[in-house]
Amino acid sequence: MKYVLSPGYTNSGPDHWQTHLENTYTSFERIIHDNWDFVDRERWVQEIENTLCLLDDEIIVIGHSCGSNAIAQWANTDSPHKFKVKAAVLVAPANVDDKHLPPDITAQAPLPYNKLPFPTLVIGSDNDPFMSLKVLEDLAEAWGAELTVLPSAGHIASSDGYGVWPEVAELIEEFTKTSLQKK
């Protein structure tokens, strides 16, 4: 099993929980985007495809913010590699449809509202400045995802106290074990 991290806008810095996962476990690797400072929807989706096509393993994708959105957008393509993805954990998707957010991320709009083709866990917060709780709930429902809401967790990023976050590894392990047993 390979765990593939899809960071969001500006990448996940050295104290981000995704970076800690990548540095702690050998089975984790990161999708690399040519431009981390502008979320080009088509390009980010293609860069996910480029990464996944190189892997022969079964894959769990783990996104944060615009990286979560990019996974959902990729899942709505005709990729011949979707069968490799056994589950997704999408943390703090950003509401790129909200025109009040910076244009560097709203370029990723629109969010897809189709059921995702693999078991999905969405983890969000009740006070995320980039996603209202109502839109998060609607999005998780549309994606056919389980939803876990963390109280007062902001955007679930380093600046919100989510650098070393051992619970995320537990959430990923528990969700993937349960979802793979259901198949």
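Mentor: Happy to, and let's begin with a term: two strands pair if DSSP finds at least two bridges between them. Strands (E, at least two residues) and helices (H or I, at least four residues) are themselves DSSP runs, numbered from the N terminus. The model is a predicted one, so to speak of local features we need pLDDT of at least 70, and side-chain atom pairs count only at pLDDT 80 or more, while totals for chains, interfaces and linings use all residues. Residues are numbered from 1 along each chain as its sequence is written, and side-chain values use heavy atoms, with hydrogens and water left out.

The part to look at is the open sheet. Its 6 strands come in the order E2-E1-E3-E4-E5-E6, with parallel pairing. At the edges are E2 (28-30) and E6, each of which pairs on one side only. On average, neighbouring strands are turned by 20° against each other, direction ignored; for such angles, axes are lines fitted to C-alpha atoms (for helices, over the stretch in contact), and values run from 0 to 180 degrees between N-to-C directions.

Start with E1 and E3. These two run parallel and are joined by 5 bridges, and Ser6 stands opposite Gly63 in E3. Helix H3 packs on this sheet, touching E1, E3 and E4, and its direction makes about 135° with that of E3. Contact here means heavy atoms within 4.5 Å.

How many residues of H3 are buried? The count is 10 of its 10 residues, over the stretch 66-75. Buried means under 20% relative accessible area, exposed over 50%, and partly exposed in between, with a 1.4 Å probe and protein chains only. Among the buried residues of H3 are Cys66, Asn69, Gln73 and Trp74. The cover over H3 includes strands E1 (2-6), E3 (59-64) and E4, together with helices H2 (41-52), H4 (103-106) and H5.

E5 has a partner on each hand. E4 (residues 85-91) pairs with E5 in the parallel sense over 4 bridges, and E6 (residues 146-150) runs parallel to E5 and is joined to it by 5 bridges. Val122 shows both pairings: Leu90 has Val122 as its bridge partner in E5, and Val122 also stands opposite Leu147 in E6.

Between E5 and E6 comes helix H5 (residues 133-143), and together the three make a right-handed β-α-β unit. Right-handed means that, with the strands pointing away from the viewer, the path from the first strand over the helix to the second runs clockwise.

Thr176 is found in helix H6 (residues 166-182), and counts as buried because its relative accessible area is 5%. Leaving aside neighbours within four places in sequence, Thr176 is in contact with Tyr3, Ile60 and Ala87. The side chain of Thr176 also reaches the backbone oxygen of Ile172 at 2.8 Å; a polar contact is a pair of N or O atoms within 3.5 Å, where within protein one must be able to donate a hydrogen and the other to accept it, and residues adjacent in sequence count only if both atoms are side-chain atoms.

The other is Leu55, in the loop between H2 and E3. Leu55 counts as buried because its relative accessibility is 8%. Not counting residues up to four places away in sequence, Leu55 touches Lys2, Val4, Glu29 and Lys84. The C-alpha atoms of Leu55 and Val4 are separated by 9.9 Å, although the two are 51 residues apart along the chain.

Last, the loop between E1 and H1 (17-24) is where you will find Thr10. Thr10 has a positive phi of about 70° although it is not a glycine, and Asn11 in that loop likewise has a positive phi, of about 75°.
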